[in-house]
Amino acid sequence: MKVINGTKLFSLDDKNAILECSNILAKGGLVAFPTETVYGLGANALDAEAVNKIFTAKGRPADNPLIVHIASLSQLNELVLEVSNQVKLLSDRFWPGPLTLVLEKKDIVPDITTGGLNTVAVRLPDHKVALDLLNECQLPIAAPSANLSGRPSPTMAQHVTIDLAGRIEAIIDGGQTGIGVESTVVSLVEDTPTLLRPGGITYEELTEVLDEVEIDPTVKAKVGSEDKAALAPGMKYKHYSPEAEVILVEGEAEKIAHKITELTDDYLAQGHKVGIMATEENSNFYEEGQIQIMGSRNRLSAISANLFRLLRSFDESEVDIILIEGVSDQGLGLAIMNRLRKAAGYQVVKV
Ligand code: TXA
Ligand code: MG
């Protein structure tokens, strides 16, 4: 175990990491831990004072509700008014896994955890460290992504250290997370299940289990349509932003490469330092700018795994403009494009 600015950094070699972190959580402290999607910043979801510390540590607006993590279905009964057939179908198929369900909450869940809403978002994660911790402490754990509010979500313990060391009690380093984008958030409160945030479980997979899934208009929100963000309160804030300005280029792969080359030349001529996030297919096209390869257009899971790490990587290289290639909206592409459009502050060039 190391200590950085007063924050304990545990590795998986530390035999008592889980026990010590579980004790911190039970006493109302904050612990960052890996999940299969991104690192979460956990606190006892039923302890309003502990949850309040999450908002302070992250600088998170108080009306942005948190996801509550559980280790078993029996814990779900304690948190929500009703476990419907739909919930059973979805949890059977996708839990443990990157699916978060929004359901009507019981009074035991404090208002601060749900941003004042009468619903609570719950998920059962698919990661050994997360499950070991949840099982050890036997508490529902509220955990947003373990980044400073507005920054890209952390996919490595090092990202958490950069954002939060000195602000939280402990971090468990479980290596790089697998999926790389956050969980899919589905509301089951309305008549028709509604996709509020695309994530690790795709829309296509959801429709294999549910007859009908509405996509909230904010999911595909494009330029100028941010104000529709009433349903998922997290959507209206600045999100996923590295230090540099981000411009997303969407369209056909080849046209994207031409546009990014043109934009790179323009920005270089103006004296800017330019970074490019390119797909494997187009990577040979670029001759200037700092190029980072996201992965192949045919393997969106690789692109999602690399996305936030690459966005953060430009912070170290003093790049001031990042040009990013858009990908398809299919499968995991819906989540990837949703994050990239937000990272770009909806500054999108269409070709
Ligand atoms: O994969 C994930 O979901 C990660 C890991 C740590 O589990 N967590 C995560 O949490 O991404 P966070 O706080 O960064 O995102 C939570 C999202 C936000 O968009 C929030 O608005 C939405 O879930 N949310 C939470 N509770 C809600 C509720 N009651 N109604 C509607 N949306 C809700
Ligand atoms: Mg987040």
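This is a predicted model: local features need pLDDT of at least 70, side-chain atom pairs count only at pLDDT 80 or more; totals for chains, interfaces and linings use all residues.
Residues are numbered from 1 along each chain as its sequence is written, chains are lettered from A and ligands numbered from 1 in the order in which they are written, and side-chain values use heavy atoms, with hydrogens and water left out.

I begin with the aromatic rings. The structure holds two aromatic pairs; rings of Phe, Tyr and Trp (its six-membered ring) pair if their centres lie within 6.5 Å, and planes under 30 degrees apart count as stacked, over 60 as edge-to-face and the rest as tilted. One of the pairs is Y240 with F308, stacked at 5.2 Å centre to centre with 10 degrees between the planes. This pair links distant parts of the chain, 68 residues apart: Y240 sits in the loop between β12 (214–215) and β13 (245–250), and F308 in helix α9 (residues 300–313). Helices (H or I, at least four residues) and strands (E, at least two) are DSSP runs, numbered from the N terminus.

Y240 is buried at 2% relative accessibility, and F308 is buried at 0%. Buried means under 20% relative accessible area, exposed over 50%, and partly exposed in between (1.4 Å probe, protein chains only).

In F285 and Y286, the ring centres are 6.1 Å apart and the planes stand at 70 degrees, so this pair is edge-to-face. F285 is partly exposed, at 35%, while Y286 is buried, at 7%.

I turn now to helix α8.

Where do the buried residues of α8 lie around its axis? They are I256, A257, I260, L263, T264 and Y267, and they cover an arc of only 135 degrees, which puts them on the same side of α8. The arc is that of the directions from the helix axis to the C-beta atoms. These buried residues pack against β13, β14 (274–279) and β16 (321–325), with contact meaning heavy atoms within 4.5 Å. The face turned away carries the exposed residues E254 and A269. Just after α8, G271 takes a positive phi of about 90 degrees.

Finally, the ligand. A polar side-chain atom of H69 lies 2.6 Å from an oxygen atom of ligand 1, and one of R60 lies 2.8 Å from an oxygen atom of ligand 1.

Notes:
A polar contact is a pair of N or O atoms within 3.5 Å; within protein, one must be able to donate a hydrogen and the other to accept it, and residues adjacent in sequence count only if both atoms are side-chain atoms.
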